[in-house]
Amino acid sequence: MTEPDFDPADSDRPDSDPPVTDGMAPDELSDFHAWRQRVVGTNISDKTLLATDYLNHFNEIVMLIEMIPDMPDMLEECLIWQPKSYQEHFRDSGFSDKELAIEAYGHVPAKFKRPFEDTIAQAHQVVRHTLERVSIDIQDGATDKLRLDCQTSVAMIHRIIQVANGIIHGTAHVMEQGEIDLYLSAD
């Protein structure tokens, strides 16, 4: 069965979703509508062309950081963890639609891609800062500070993951860089 042809400019299409397409550049709309059709029935959002599976990359480091207060040697595992781009994550994953996810990323509208990439950069920044802070806590033998720093960091990373998840599902809200900077400057 083939998909019915449609005119991307036709606002009466049954799958029309004005809030998602509001603010998109006209030259993105046709491509976006075609890609929305391609991702239907996959674990890739047809609202943004992004997949939540990428967030597993951050869930992995969160789990490791949570273990550090009780098992400080887990810091070594944390230091092995490296930031991965969206495409790198899928290239290395067992995600069933990984090739489609990688290809679709090149067609994510700027309205979603910019805030998503900014949010991911914030997550990487917070993880890097966390590992530096936790390393110092361990070297200083500051177990109470270590526990607090891990809890605070995990809470911040969870907030960033929630923002990224919201973007993936069609909201373009981001955390203010000032909030991240305040976290990074705290002792």
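Which helix is F116 found in? F116 sits in helix α7, residues 110-140.

## About the model

What you're looking at is a predicted model, in which local features need pLDDT of at least 70, side-chain atom pairs count only at pLDDT 80 or more, and totals for chains, interfaces and linings use all residues. Residues are numbered from 1 along each chain as its sequence is written, and side-chain values use heavy atoms, with hydrogens and water left out.

## The overall picture

The protein has nine helices and zero strands. Here helices (H or I, at least four residues) and strands (E, at least two) are DSSP runs, numbered from the N terminus. Along the sequence, the pattern reads α-α-α-α-α-α-α-α-α.

Of the 187 residues, 42% are buried. Buried means under 20% relative accessible area, exposed means over 50%, and partly exposed is in between (1.4 Å probe, protein chains only). The protein exposes about 10,200 Å², with carbon and sulfur atoms supplying 51% of it; these areas come from the Shrake-Rupley method with a 1.4 Å probe, and for residues only the protein chains shown count as cover.

## Back to F116

F116 has 1% relative accessibility, so it counts as buried. Leaving out residues up to four places away in sequence, F116 touches L50, Y54, Y86, Y105, A164, I167 and I168. Touching, or contact, means heavy atoms within 4.5 Å.

Take A164: it is 48 residues from F116 in sequence, yet their C-alpha atoms are 6.0 Å apart. Across the protein, among contacts between residues at least 6 apart in sequence, 69% join residues at least 24 apart.

## Two helices side by side

Helix α2 (residues 26-39) and helix α6 (residues 98-105) pack at an angle of about 170°, with axes 11 Å apart. The axes are lines fitted to C-alpha atoms, for helices over the stretch in contact, and angles run from 0 to 180 degrees between N-to-C directions.

Where they meet, W35, R38 and V39 come from α2, and L100, E103 and A104 from α6.

## Two cysteines, no bond

How many disulfides are there? The count is zero, using a cut-off of cysteine sulfur atoms within 2.5 Å. The sulfur of C150 is 7.8 Å from the closest cysteine sulfur, in C78, so that's too far for a bond. C78 is buried because its relative accessibility is 0%, and C150 is buried because its value is 1%.
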